[in-house]
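Colleague: I am new to this structure and would like to learn how to read it. Could we go through a few features in turn?

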Amino acid sequence: MKRPVVGGMLLASTNPERLRTWYVTALDPEENTDVQQYGVLKFGEFYLFIDTREDVTDKNPEPGRTILNFHVTDARAVAARMEQAGASWLAPLEDRDGSLFATAIDPDGNYVQIIQLSEAHLASM
């Protein structure tokens, strides 16, 4: 039996157009399409679906439960792009033993982390 593969995630929002615009502006997905009622953003082999639901509030009350991690090749450029999109920072860009990490907060209060791993960290994995 083939093992399951995580292929995507749904972000529900009371304002899905605003949230989708932020992700498109801040992170420049490979694809930005509509599939039925969903906004679908493709990042590598991962799909981020953005939709509305009646059982969510305007802001995520426990954003630390799920953190979206985006592996990037130029964390400084991505952080600048996120700032231009209006990101607020939970943790600004920092160097951790040669790898760069930052955690932004999207318009719905979700945590979005960018990670640029050093060659040394990649080699040790």
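Modeller: Keep in mind that the model is predicted. Start with Ser99, which has Glu94, Gln116, Leu117, Ser118 and His121 in contact, leaving aside neighbours within four places in sequence. Ser99 lies in strand E7.

Colleague: Is Ser99 buried or exposed?

Modeller: The cut-off for buried is under 20% relative accessible area. Ser99 has 0%, so Ser99 is buried.

Colleague: Which side chain makes a polar contact with that of Ser99?

Modeller: That of His121, in a polar contact of 2.4 Å.

Colleague: How should I read Leu93, and where is Leu93 found?

Modeller: Leu93 belongs to strand E6, residues 88-96. Partly exposed covers values between the buried limit of 20% and the exposed limit of 50%. Leu93 counts as partly exposed because its relative accessibility is 30%. Setting aside neighbours within four places in sequence, Leu93 is in contact with Ala75, Arg76, Ala79, Leu100, Phe101 and Ala102. Ala75 is 18 residues from Leu93 along the chain, and their C-alpha atoms are 7.9 Å apart.

Colleague: What about the nonpolar core?

Modeller: In soluble globular proteins, nonpolar side chains tend to be buried together. Here the largest nonpolar core has 23 residues, and those with the most contacts inside it include Tyr23, Leu27 and Phe70. Among the elements that each supply at least two residues of this core are helix H1 (16-27), helix H2 (75-84) and strand E8 (111-116). H1 gives the most, with five residues.

Colleague: Which residues does Phe70 touch?

Modeller: Not counting residues up to four places away in sequence, Phe70 touches Tyr23, Leu27, Phe43, Val112, Gln113, Ile114 and Ile115.

Note on methods:
Residues are numbered from 1 along each chain as its sequence is written. This is a predicted model: local features need pLDDT of at least 70, side-chain atom pairs count only at pLDDT 80 or more; totals for chains, interfaces and linings use all residues. Side-chain values use heavy atoms; hydrogens and water are left out. A nonpolar core is a set of buried Ala, Val, Leu, Ile, Met, Phe, Trp, Tyr and Cys residues joined through side-chain atoms within 4.5 Å. Buried means under 20% relative accessible area, exposed over 50%, partly exposed in between (1.4 Å probe, protein chains only). Helices (H or I, at least four residues) and strands (E, at least two) are DSSP runs, numbered from the N terminus. Contact means heavy atoms within 4.5 Å. A polar contact is a pair of N or O atoms within 3.5 Å; within protein, one must be able to donate a hydrogen and the other to accept it, and residues adjacent in sequence count only if both atoms are side-chain atoms.
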